[in-house]
Amino acid sequence: MSRIKNAFENKKAFIGFLTAGDPSIEKTEEFIYKLIEGGADLIEIGIPFSDPIAEGPVIQSANIRSLSGGTRISHLFELVENVRKNTEIPLVFLTYINTVFKYGTEEFFKKCNESGIDGIIIPDLPFEEKAEIKESAEKYDVDIISLIAPTSEDRIKLIAKESQGFVYVVSSMGVTGMRSEIKTDLESIVESVRKYTDNPIAIGFGINSPEQAEKYSKLADGVIVGSAIVKIIEEHKEDSGKYLKEYAEKMKSAMKN
Amino acid sequence: MSDLNNGRYGIHGGQYVPETLMNEIHHLEECYEFYKNDKEFNDELESLLKEYAGRPSLLYYAEKMTKDLGGAKIYIKREDLNHTGSHKINNVLGQVLMAKKMGKTRVIAETGAGQHGVATATAAALLGLECEIFMGREDTERQKLNVYRMELLGAKVHAVTSGTQTLKDAVNETMREWVSRVHDTHYVLGSVMGPHPFPMIVRDFQSVISKEAREQILEKEGRLPLAVVACVGGGSNAMGMFYNFINDKEVKLIGCEAGGKGVDTFETAATMATGKLGIFHGMKSYFCQDDDGQIAPVYSISAGLDYPGVGPEHAYLRDSGRAEYVPITDDEAVEAFEYIAKTEGIICAIESAHAVAHVMKTAKNYSKDDIIIICLSGRGDKDVSAIAKYRGVDINE
C-alpha cells in the first residue's frame, strides 16, 4: 500500500500544509515533526514560488519570507531526505509547474523518488495539461493529486477517474485562506466524486477551526489546513513548534468526535 | 498562418490555470468561436471601432524623419490617435462587447502603464458594465494621471502591493480575483498572453492594425513594406501589427523589447534576449527567471513593457525565425521619445518609442525605396512627467 493510503487507513486524515523555508529549512523540519506529534496524518510541503497565484495573502507572505531567506529547490530535497530518516508519514509537495519544468521534469521526479516524496499537487496544472508531467511522475512513482473545484461540474468524472493518491476538493472559489463560512455545496461534490473513484477525498481551502474540521471530516475522508498553520508560524516564528503541536492536537481531536 | 493547434503555437501556449477556471475558459472559447462568426456581433464591433474609437487609424508618411535618417521610407501607423490614446481600445471593445453578450455584468483587468486599464474602464462605461482595475503600486505612482483617468471613468482601481508591485503582480492579482468571482465576471486580458483562448482573442481583435496598414500601404505605395516594427511587452500591438503580414514572407517582422539598463544587467525586461522557456501566467513561453524557475523582478522605464514574459505566438514566431526581436535600452527609448517629438511633432508613448529607437538606429542601412512601418502604439501624455524626471526636471508642483 502506498504511504498516502496509510494516512486514511481506518481514520479521518488531518493534512497539514506549511511553506518550506519559513522561517528556515531547519525550522520547517522541526515543525513537520511537531505537526506529526500533534496528530497530522500527511504533510503537504509548499515549495516557495515568486508568484503563487493560487494563494491568499497569508501563504503569499510565507513564500516571500522563505525566498528572501534564500531557500533553493535543492534545500527542499535535502529537507525531505532528512525528514524521511525519521518518519514514514506520507509527504506531498505543493508546487507551481514552472518550478518542476525549470528543474527538468524527469530529474525533479527522480529526486522526489530518491528523497521520499509520495505525491505532488500543482495548482496551475489542470487535467488537460497533465501530460507535462505524467510520464515522469509514473516512472518515479509519485502520485499526481488532482484538484476538484466548486466550478468543476461535468469535469468531476474526468478528473476523479484518473485521480491518484487522494482527491483534493477545493471548498471555495478563490485563493487559499481562512474563511469563517464555506458556502459551496460540498456534500453533492463529494458524492459525485465518490461515484468515479475509490480514492479518499480531502477537503481544503478555508478550513481553520476545530468546528470546521469536525464538520468536513464527517463529509469527506480528511481535511487540509494551510493558512491557519502558516499564520501560527508567521506569528511565533522560530518558537512555533509547541503552538503547531497544540493546534494539530485540537484539530485532530475534533475530527474524532 | 500561425500554427495554432489546441491553443498551441509550436510548443508554446496552452492552458496552465487552476481547475476553478477551466470550465470558464472553455466556455469563453466556445462563446468566442460563436461571436467571431456572428454577423450582429461583428457589425456592432465594427461600428464601435469606426464611430467611437476613430478607426481606421492613419498611416502617416514621416517625411522629415525619412529625410533626416537618410535611408528607408518611414511610415507610422498612428494607433496613438485612437480614442483613449492607444491600440488597447481595439481589444477591449471586442472583449467587453463579448462579455456583455455572454451575460457578464462586471469586468476586471490588469494594467501596466494604465493604457489597458483606461481602455477597459472606457469600454465598461460605454457598455454599462462594472469595472475594477488591478495595477502595481509602483505603476500607480509612475502613472498617476491614468489612475485618476480610470476613476473618472467610473472604475475602481486596486493598487497591488504584492511582489514587485508592477505588471506581473497586477496579472497575479487579477487572476486571483477572477478565481474568486468567475460567474458574473470577465477578465479582459490586455495582451496576447495568458491561457488559451486569450492570446488568440487578443491577437484577432488587434489584427485590425495590420489589416488596415497592409491595405493602406498598398494603396499609397503599391507595394508591401520591407519591415514592420513594433514594441513588445506581452506583445499585443506587435501581434496586431505582424499578423496580416505573416504570410508575406518578404516583410520582416521586428519586435522591440525593453532592454532597460542593458541586457547584460539585471535591470532589464528583455524576455527574448535574456529569458528561458517556462510555464507561467497560464502559458508556456519565454520568461525572465532564475535557475530555480523563480520569476525575475524585471525593470524598464516603460511600465507597459515591464513584464517578465512574452506572448506564446511571439515565442513561436521567434523559434520559427519568422520574426526577430531586439532589445532597446531606456536611454535609446528616451532619446527616440524626444526625437520624434522634435522631428515629427508627435509625443508618443515611451513604449512605442522603443520601436522608433530601432528605426532610428537602422533606417540608414536601407535604400530609399525600402519602406518601414512603425506601429506607434500609443500617445505619450502619460509619460511626460516621468521623462522630465529622467532628464532631471521636476515638473510636478
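How much area is buried between chain B and chain A, and what share of it do carbon and sulfur atoms give? About 3000 Å² is buried between the two chains, and carbon and sulfur atoms give 51% of that. Buried area here is the accessible area (1.4 Å probe) that two parts lose on being put together, summed over both.

A quick word on ground rules. This is a predicted model, where local features need pLDDT of at least 70 and side-chain atom pairs count only at pLDDT 80 or more, while totals for chains, interfaces and linings use all residues. Residues are numbered from 1 along each chain as its sequence is written, chains are lettered from A and ligands numbered from 1 in the order in which they are written, and side-chain values use heavy atoms, leaving out hydrogens and water.

Back to the chain pair: 34 residues of chain B and 37 residues of chain A take part in the contact, with contact meaning heavy atoms within 4.5 Å. On the chain B side, E19(B), R176(B) and D292(B) supply 24% of the area that this chain buries against chain A, more than any other three residues.

Domain 1 puts 33 residues into their contact and domain 2 puts in 37 residues.

Here are the two contacts together:

| Parts | Area buried | Carbon and sulfur share |
|---|---|---|
| Chain B and chain A | about 3000 Å² | 51% |
| Domain 1 and domain 2 of chain B | about 2800 Å² | 59% |

Now chain A. It has twelve helices and nine strands, counted as DSSP runs (H or I, at least four residues; E, at least two). Its C-alpha atoms fill a box of roughly 45 × 40 × 35 Å along the principal axes. Of its 257 residues, 63% are buried, i.e. under 20% relative accessible area (1.4 Å probe, protein chains only).

As for cores, the largest nonpolar one has 87 residues, and F8(A), F166(A) and Y168(A) have the most contacts inside it. Such a core is a set of buried Ala, Val, Leu, Ile, Met, Phe, Trp, Tyr and Cys residues joined through side-chain atoms within 4.5 Å. At least three residues come from each of domain 1 and domain 2 of chain B. Beyond its neighbours within four places in sequence, F8(A) is in contact with residues including I15(A), L42(A), F166(A) and D221(A).

Key
Buried < 20%, exposed > 50% of the residue type's maximum accessible area, 1.4 Å probe, protein only. Domains from an automatic or database assignment.
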